Structures are given as structure tokens and as C-alpha cells.
Amino acid sequence: MAYVAVKGGERAITNAHKWLGEVRRGDTKIPELSVSQIREQMSLAVDRVMAEGSCFDPELAALAIKQARGDLPEAIFLLRAYRTTLPRFGFSQPVETAQMAVHRRVSAAFKDIPGGQVLGPTFDYTHRLLDFKLAAEGETEIDSAAQSYSEMPEELATIAQVFEHEGLLEIDGVNNNEDPPFDLTREPMSFPAERDQRLQALARGDEGFLLSLAYSSQRGWGNTHPLCGEIRMGEVSIGFIPDELGFEIELADVPMTECIMLSGFASIEGNAPQYTRGYGLTFGHNERKAMSMSIVDRALRARDMGGEVTAPCQDEEFVLYHSDVVEASGFVQHLKLPHYVDFQADLQFLRRLRSEFTQAKDALNQSSNEETKVAAQ
Amino acid sequence: MNEISEIKIDNKPPQERYYTYAYLDEQTKRMIRRAILKALSIPGYQVPFGSREMPLPYGWGTGGIQLTAAIIGPNDVYKCIDQGADDTTNAVSIRRFFATVADVATTEDTAKATIIQSRHRIPERPLQSGQIMVLQVPQPEPLRSLEPRETETRAMHAYEEYGLQYVSLYENISAYGRIAATAGYPVMIDERYLMSPSPIPKFDNPKLDMSPAILLFGAGREKRIYAVPPYTKVRSLDFEDYPFETQTWDEVCALCGSDTSYLDEVVLDDQGNHMFVCSDSHFCAERRENGHLGPLAGHSLAQKSDDSNANRVLQEGIAK
């Protein structure tokens, strides 16, 4: 009976969770996945969970993926719920991506840029043919990449540095603001949103949602005429100044993906026309997310650039309020909770409307019948 | 549930907890308490707060849970209901959460509770002075269905510009011959702020008016807290010629015979047979204990289901 189903209590919950554990494990004849296997071999999933989970910890992200049975939004939620319990001991220094130890760097704007194009480990130019060798049991042989004999420069010039001499590209703003940056994990969303708040929301935002928004922009719903100035992926070091020391120490090297998207020209604050840009930055290796983020970031600057806000991707309330996968997933799925009290209220109303409708129709039929009779007489 | 008068004491030693008392860290609790004080000072005004990610999903009571976590203490007696019932799955889950993280006594008895957390209902038994009612809110903005932009609705509240709401009610009347809101019926607090009472049926709206208890509303996902202090005027919107009215039933509760409570419809089969029972499970059980009988008294729904041993299982779970 339906009533019993929604009144299921403690025992039903406990048993459902036990069953979930069994299903997570799958066939026990197959060896169990280890967290380190996930961390090493599902590394792009780990990267996405860390990026949207706003927490850099590959071990915990891999654990979350295992516990979530590979459901990445669920894993992101697990990591966020853990993150929120951690004490906050301070802010790091801003990361210097110009000093990144680059694994991959490509620019679509120039055939060659100082330091060259570095393809790195990429799916690009692979033919998407299922590799049945990977399905074979046992270790597959790795065909290692050839080592280069010429050394990579210590720092690769960024696209901004390339443009610097001519002033063709909008330069990085210098943040003279002494206030700490906006932090969505501590403060509610507020509008109008400044760029720090917008970029944080985008960095935590759902990859699929941002991808579709960026795509909608490309197709003309708030086009920003993007051109991929530079994508770079590699390790950046995280610097921190502890109060008790007073000087910067290095906490970790963290892999990140950065995207600078060149967009249409504008004259900013009365300067000569320049390329404007959108910015994307994520933990780990995630170019789809970084590129989408940079397109949406630029689209959201429409208002700052004196443009008109006409498309969804330019509308900060629309984008920022709906980009968070943990919020969206929770609210859509809360419809599974019992709603029978409000449903009863609605049902009562609908029944009343229907009975009034029927009465009115009957009354109309009766009077028209009488009219027909009168006419016949 | 029959053991209505029994208060269950959680005896888990505090040192076994992995998290701070009541889960949230003390800084976060302080931030929420400040938001509550502000909300009580400006009745009906939605106070933005730094809502945290909780170990339960957004939309499942995270606002209510954060409010409770900020105000609960070891001497409190906690009741949690969903759709009026103590034994609905999410209520059981949230009650278990606080029994575990806050070493708090739990009860189903409305009269004995100091904090009552609820989704979609106010208990039938009148609230008392000293009690705190915590309501879970999915959408704190009463004007949201009329205006999707938060920047606009905040301005509308600031200017007390509620004409749009009245126009919408008027449109109901011209379309349906009456005001169509049935749950989450908009209320005016102390003749100043328009407020959503959360999706309680309008049947419960009169219980908000001049309530001796503190009423707290928490929306975790939307990051808003609002409140109605004790003995505050809460007026359900209406027109002189279309006055506010609550739901009524031709039936009485099939189990306890009550003709004054909010009733849930229970489908009995696929032949169109149904029965009506009290949505407030404790109210109904207490009446049956006192000898009130409805037309279907003794129906299996009135029997103690194996799940109603929830608290026993809970005790065992905690003892482990």
C-alpha cells in the first residue's frame, strides 16, 4: 500500500543502505577496486570531483568516486560535505600560472608561440576507436612516449606576455583591493556579482551546465566570438604565508588547467580597442571545463563591457544560481520526498473545480434542453 | 506509534563523536545564531546567511537542520516530523542525525518537545510558550513564482511593493472563482513583510498568528533564514469579498474520528476506495490512546508497524 511505502522507517532505511553496499561492490568474484587504482587510472574523474568539490585531495576524491559507484555528482557532494567540516587556517597566495611546470600548452591564435606548442597527454587527434587490447585480462604493454633531448624552458611565456608589447590584449587587472576575495563557501550569493564571485561560482560549477551554456553562446545566444588564446596544463606551486612565520612557504604542487579565451574587441575605460578575454581555471586536467568556463566568464562580462544582457549565458542570476550541481541535484531529487500533504490540498481544490464544472455543464444542458422544448412547441 | 509519552535518551558518550557537538563548528553556529537574532528582530525579513553543505542533500531539510544545530543543547527534547508524521523516512533520518551528533533526547510527543523540526506541517496540538518550531523551507521567496529575479524581489520587499501578489490572487479569482493557493499560502507578518509560511497547507496558517512559540524558517539551498517571534500578527492575504478560508473535509479521521485535524487521503485499492486519516500521527495516536475511535478503528494502519520500533532500533544502533 502506498501509505506504507512513504512511512517506511528505520529498518527500511538500514536495509536499503545495506543493499546499496552490496550493489556498490558488485560481483564478489571480481576483485574489488582500490582507491589508489581509481586515483591512478580514473584520474580525469578524480580531477572533476576535486574541481567541482572545491577540494584538492586526489585520495579523498578517489574514495568518494568508489563510494558513489562512479556517480560523479554524488562523489562531488560527498567531497563537499567533508570539505565543509574542515577548519580554515588561512588563504594561499594567488597561484602564478605563468610559472607553471607545463605538461601541455597549446594556442590556436598563433602557429607558433615562444616555447612552442606542447601537445602533452591529450585525447585530441586520437581516433575514437575502441581499443580492445585494453579489454584483455592482465597488464597491457605501455608504448612510452619518446623523451625530448632539448630542454623545456623553465617558464613558458603566456599569451598575455606575447601580446604585451603591442597592448593588443586586455591585461590582467591588478587587484588593489585589500579585502579578501568573495567566498561562496562562506557567504551567500549576492548581486550584482563581481568577477571574483562569478569566477568562483564557475570554477565550482557543473561541467555539463557550463559546457551547454558555452555552446549556446557559440551558436549565437550571446556570442562572444571566442578564440582559444592559450590552454596550459601542468603543476603550479601553492604558496602560503603563515602568521607565525611571516614569509611565504610552499605547500604543494597542484596540477591545474588554465584557459585564456580571446574574445571580441572593446575599448575598456576609454583605452584603445583591445581583445577582451575570458578566463577559466580548474584543478587537474580538464580542458572542456576550463574552456567552457572562459567562454561563460566572458559572456557574463557583457554588462561590464557596456553590452546588453539578452542571452541566458550573459545573465549572472541565471548562470550563477543554477550552475551548482550539488544544489541542483538536491533540489530536483527532493521531489522524491513525500509531498502528500500539499498534494491533498491541491487534490481537494481540483475536485472542487471539477464538481463545479460538472454542475455548471449540467445546468447549461438542462436550460438548453428546455429552450429546445420551448422552441419545438 | 504507541509509546508516545516515552522520551528516549541517547546515551552515547560524547568522546565518541567524530564531529563537533551538533555537527557544525562553533563559528558557523555563531554565524547562524546571529542570522536568527536578526530574523527575529525584523519579523518576516529573509536574512541571507552562509549556509553550509550538510551531509544531507539540499532540498531535504538542510536549512532546518542548520537552524536546529545552531540552537540545540543537551537539555533539549527534539521532535522531527515530515508531512505531520514522526515515522516518515526523512524525519526518521533527521531525528537519528541529531540523536547521534547532539546527544539529545527525542520524542514524538508534541507537548514534551522543546524543538520541533517540521516539513510541510504545524502540529495540531497548539504550540506553547518556550517551544521553538523549526520549519524546512524549499523556496523562501513568496514572490518567486511571480518574479524569478532575486534582485527584483529584494527591491519589492524593501519598497513593500506587493501589488503584484494581490494581482495574482485576483487573477485566481477571475479564473477559478477563488484564491487558488492551497499550500504555501502567502502571509503578511506584522503588516510589513510578505512571507512564505513554507509549503504547509493553508489549514495551518491560522496556527502561525499570535503563536506563543518561536517560529524559525530555514532555507539551506537558497541560503536564507527568517522568523516570526512569539505573539506576532500573521495575516493570510485575502480580499474583503473573498475572505481567507482553510480546508475542510466531509469525512472524519477513519482511525480516531477527529473532525478538526488535517486529513491525508489513503488509497485502499485500485477500485477508487480510499480512507482519510490524520496527517499528524502523534495527535491521532494520542486520541486513540484516549479511547477515540473512528469508523475504521483497528485498521492495519493503526497497528504498530515493525518500523514503529524505530526508536528501539535507534537505541540499539547507538549502543553499538
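Biologist: What distance separates the centres of domain 1 of chain A and domain 2 of chain A?

Modeller: Keep in mind that this is a predicted model. Domain 1 of chain A covers 2-83, while domain 2 is pieced together from 97-120, 152-173 and 181-331. Taking the centres over C-alpha atoms, the separation is 30 Å.

Biologist: Which helix of chain A gives the most to the side of domain 1 that touches domain 2?

Modeller: Let's start with the contacts: 13 residues of domain 1 of chain A meet 15 residues of domain 2 of chain A. On the domain 1 side, helix 4 (43-52) and helix 6 (72-83) of chain A each supply at least two residues. With seven residues, the one that gives the most is helix 4.

Biologist: Nice! Why is chain A described as more spread out than a compact globule?

Modeller: Chain A has 13 helices and four strands. For its 377 residues the globule rule gives 21 Å. Chain A is more spread out than a compact globule because its radius of gyration is well over that value, at 28 Å.

Biologist: What percentage of the residues in chain A is buried?

Modeller: Here a residue counts as buried if 20 or more other C-beta atoms lie within 10 Å of its own. Of the 377 residues in chain A, the buried share is 30%.

Key:
Residues are numbered from 1 along each chain as its sequence is written. Chains are lettered from A and ligands numbered from 1 in the order in which they are written. This is a predicted model: local features need pLDDT of at least 70, side-chain atom pairs count only at pLDDT 80 or more; totals for chains, interfaces and linings use all residues. The radius of gyration is taken over C-alpha atoms; the globule rule is 2.2 Å times the number of residues to the power 0.38. A residue is buried if 20 or more other C-beta atoms lie within 10 Å of its own, exposed if 12 or fewer, and partly exposed in between; C-beta atoms are placed from the backbone. Domain bounds come from an automatic or database domain assignment. Two residues are in contact if their C-beta atoms, placed from the backbone, lie within 7 Å.
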